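Here are a few notes to read with the model open beside you. Take them one at a time and find each spot as you go.

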Amino acid sequence: TLAPKRPVTFRASDGMPLHGYLTLPAGRPARQLPLVVMVHGGPWTRDTADLEFPVQGLADRGYAVLQVNFRGSTAYGKDYQNAGNLEWGGKVIQDLIDGKNWTVARGYVDPGRTAIMGGSFGGYACLAAMAFHPLEFKCGIAISAMSDTNLFLASMPPQWTVSRARFETRMGKD
């Protein structure tokens, strides 16, 4: 049985409205579940209501899955996307924590059984959350994570000139 992916909106701790999706296991009470905050890559992309097998696999095993379209994500307008500029290790990570806390406040999840997981930028976010906020998640799974942003910029191929300018605007230089 596939678990429905519900669109959710909640406020970040600084008041910004955030959007995302919450998938709760089918056929189980939505109370005190273990949680995986699954962070999308990019970061200039977004989570959607599409069928995603990793989300369904986790839900099938009893996990709630929260996917936050944190500030900097696309499809919510220029202001939403630009709000993530220079905030990779700051407000973007706080948005993910605020999402976790939103599920805890509603009683959906057990605050002692939370994980953060992602690939590419999501892997970076996982490492940053675990490093800068070690008490927020019990574990993290970083897949193909960018772990050194300075090295990433320094090793960017010359043909990525346009991408380099975007990265420097959104994450900073050096």
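**Notes on the predicted model**

1. Let's start inside: Asn69 is buried, with a relative accessible area of 0%. Keep in mind that you are looking at a predicted model. Asn69 sits in strand E4, which covers residues 64–69. Its side chain reaches over to the backbone nitrogen of Asp47, at 2.6 Å. Leaving aside residues up to four places away in sequence, Asn69 touches a whole list of others, including Leu18, His19, Gly20, Tyr21 and His40. Arg46, Asp47, Tyr76 and Tyr80 are on that list too.

2. Now have a look at Lys5, in strand E1 (residues 5–11). Is Lys5 buried or exposed? With a relative accessibility of 15%, Lys5 counts as buried, because the cut-off for buried is under 20%. The side chain of Lys5 has a polar contact with the side chain of Glu52, at 2.5 Å. A polar atom of the Lys5 side chain also lies 3.0 Å from the backbone oxygen of Thr48. If you skip residues up to four places away in sequence, the residues that Lys5 touches include Tyr21, Leu22, Thr23, Val55 and Gln67.

3. Zoom out for a moment. How many helices and strands does the protein chain have? There are six helices and six strands. Follow the sequence and you get the pattern β-β-β-α-β-α-α-β-α-β-α-α. The radius of gyration is 16 Å, close to the 16 Å from the globule rule for 174 residues, so the chain is as compact as a globular protein of that length. Along its principal axes, the C-alpha trace spans about 50 × 30 × 30 Å.

4. Buried residues make up 45% of the 174 in the protein chain. Of the contacts with a separation of 6 or more, 67% are between residues 24 or more positions apart. The accessible surface is about 8,600 Å², and carbon and sulfur atoms account for 55% of that. As for charge, you'll find 18 positive and 14 negative side chains, with the centres of the two sets 5 Å apart.

5. Most residues other than glycine have a negative phi, and most peptide bonds are trans. Against that background, check the peptide bond from Gly42 to Pro43: it is cis, with omega near 10°. Pro43 is in the loop between strand E3 (33–39) and helix H1 (53–60).

6. You'll find Gln32 in the loop between strand E2 (17–23) and E3, and it is partly exposed, at 39% relative accessible area. Ser144, also not a glycine, has a positive phi near 50°. Ser144 belongs to the loop between strand E6 (139–143) and helix H5 (149–154), and it counts as exposed at 66% relative accessibility.

7. One last stop: Glu87, in the loop between helix H2 (78–82) and helix H3 (91–105). Glu87 and Arg71 are 16 residues apart in sequence, and their C-alpha atoms are 8.6 Å apart in space. Not counting residues up to four places away, Glu87 touches Val92 and Arg170.

Technical notes:
Residues numbered from 1 in each chain as written. Predicted model: local features only at pLDDT ≥ 70, side-chain atom pairs only at ≥ 80, totals over all residues. Heavy atoms only, no water. Helix = DSSP H or I, 4+ residues; strand = E, 2+ residues; numbered from the N terminus. Rg over C-alpha atoms; globule rule 2.2 N^0.38 Å. Buried < 20%, exposed > 50% of the residue type's maximum accessible area, 1.4 Å probe, protein only. Contact = heavy atoms within 4.5 Å. Areas by Shrake-Rupley, 256 points an atom, 1.4 Å probe, with all protein chains shown as cover. Lys, Arg positive; Asp, Glu negative; His and termini not counted. Charge placed at Lys NZ, Arg CZ, Asp CG, Glu CD. Polar contact = N/O pair within 3.5 Å; in protein donor to acceptor, adjacent residues only side chain to side chain.
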